[in-house]
Amino acid sequence: MEFKPGDVVQLKSGGPPMTVEHIGKQNHSDDIVVWCVWSEKVGARQEVKEYTFDPIVLRQYKSPYASIPTSRG
């Protein structure tokens, strides 16, 4: 799967939605990784977290609210 900066992704195993910040090689390796950022509640504060992931463990995030139909009367 191809990701691009700005995409919202999630680990295939679950977890919070994360935003793709950058895609590229990490350190002196030819392996492509995806840099992701997300916010996480820590106590009463929201903290920004970041981590790099192998693209194979990620999928496009699908909001559980995206498929709720709306009707206007």
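Me: Among contacts in the chain between residues at least 6 apart in sequence, what percentage join residues at least 24 apart?

Reply: Please note at the outset that this is a predicted model. Of the contacts between residues at least 6 apart in sequence, 29% join residues at least 24 apart.

Me: How many helices and how many strands does the chain have?

Reply: The chain has five strands and zero helices. Read from the N terminus, the order of elements is therefore written β-β-β-β-β.

Me: How do strands join into a sheet, and in which order do they stand here?

Reply: As a general idea, the strands of a sheet pair through backbone hydrogen bonds, in either a parallel or an antiparallel sense. In this model, five strands make an open sheet in the order β4-β3-β2-β1-β5, and the pairing is antiparallel. The strands at the edges are β4 and β5 (58-60), each of which pairs on one side only. Neighbouring strands of the sheet are turned against each other by 40° on average, direction ignored.

Me: How many bridges join β3 to β4, and which residue in β4 is the bridge partner of Lys 41?

Reply: Nine bridges join strand β3 (residues 32-42) to strand β4 (residues 45-53), and the two run antiparallel. The partner of Lys 41 in β4 is Gln 46. Elsewhere, Cys 36 stands opposite Tyr 51 in β4. The two strands form a hairpin with two residues between them, and Gly 43 in the turn has a positive phi of about 65°.

Me: How many bridges pair β2 with β3, and how many residues lie between them in the hairpin?

Reply: Strand β2 (residues 14-25) pairs with β3 over six bridges, again in the antiparallel sense. Two sets of facing residues can be located: His 22 stands opposite Trp 35 in β3, and Lys 25 stands opposite Ile 32 in β3. Six residues lie between the strands of this hairpin, and Asn 27 in the turn has a positive phi of about 55°.

Me: Which residues form the largest nonpolar core?

Reply: The general idea is that nonpolar side chains tend to be buried together in soluble globular proteins. Here, 19% of the 73 residues of the chain count as buried. The largest nonpolar core has nine residues, namely Phe 3, Val 9, Met 18, Val 20, Val 34, Cys 36, Trp 38, Phe 53 and Leu 58. Strands β2 and β3 are the elements that give two or more residues to this core, and β3 supplies the largest share, three residues.

Me: Which residues does Cys 36 touch, not counting those up to four places away in sequence?

Reply: Cys 36 touches Val 9, Met 18, Thr 19, Glu 21, Lys 49, Glu 50, Tyr 51, Phe 53 and Leu 58.

Me: How many aromatic pairs are there, and why is the pair of Trp 38 and Phe 53 called tilted?

Reply: The count comes to two aromatic pairs. The ring centres of Trp 38 and Phe 53 are 6.3 Å apart and their planes stand at 45°, so the pair is tilted. This pair links distant parts of the chain, with Trp 38 in strand β3 and Phe 53 in strand β4, 15 residues apart. Trp 38 and Phe 53 are both buried, and together with Tyr 51 they form one aromatic cluster.

Me: Is Lys 4 buried or exposed, and which residues is Lys 4 in contact with?

Reply: Lys 4 counts as exposed because its relative accessibility is 51%, and the cut-off for exposed is over 50%. This residue is found in the segment before β1 (8-11). Leaving aside neighbours within four places in sequence, Lys 4 is in contact with Val 20 and Ile 23.

Methods:
Residues numbered from 1 in each chain as written. Predicted model: local features only at pLDDT ≥ 70, side-chain atom pairs only at ≥ 80, totals over all residues. Heavy atoms only, no water. Pairing = 2+ DSSP bridges. Helix = DSSP H or I, 4+ residues; strand = E, 2+ residues; numbered from the N terminus. Buried < 20%, exposed > 50% of the residue type's maximum accessible area, 1.4 Å probe, protein only. Contact = heavy atoms within 4.5 Å. Phe/Tyr/Trp six-rings, centres within 6.5 Å; stacked < 30°, edge-to-face > 60°. Axes fitted to C-alpha atoms, helices over the stretch in contact; angles between N-to-C directions. Core = buried A, V, L, I, M, F, W, Y, C linked by side-chain atoms within 4.5 Å.
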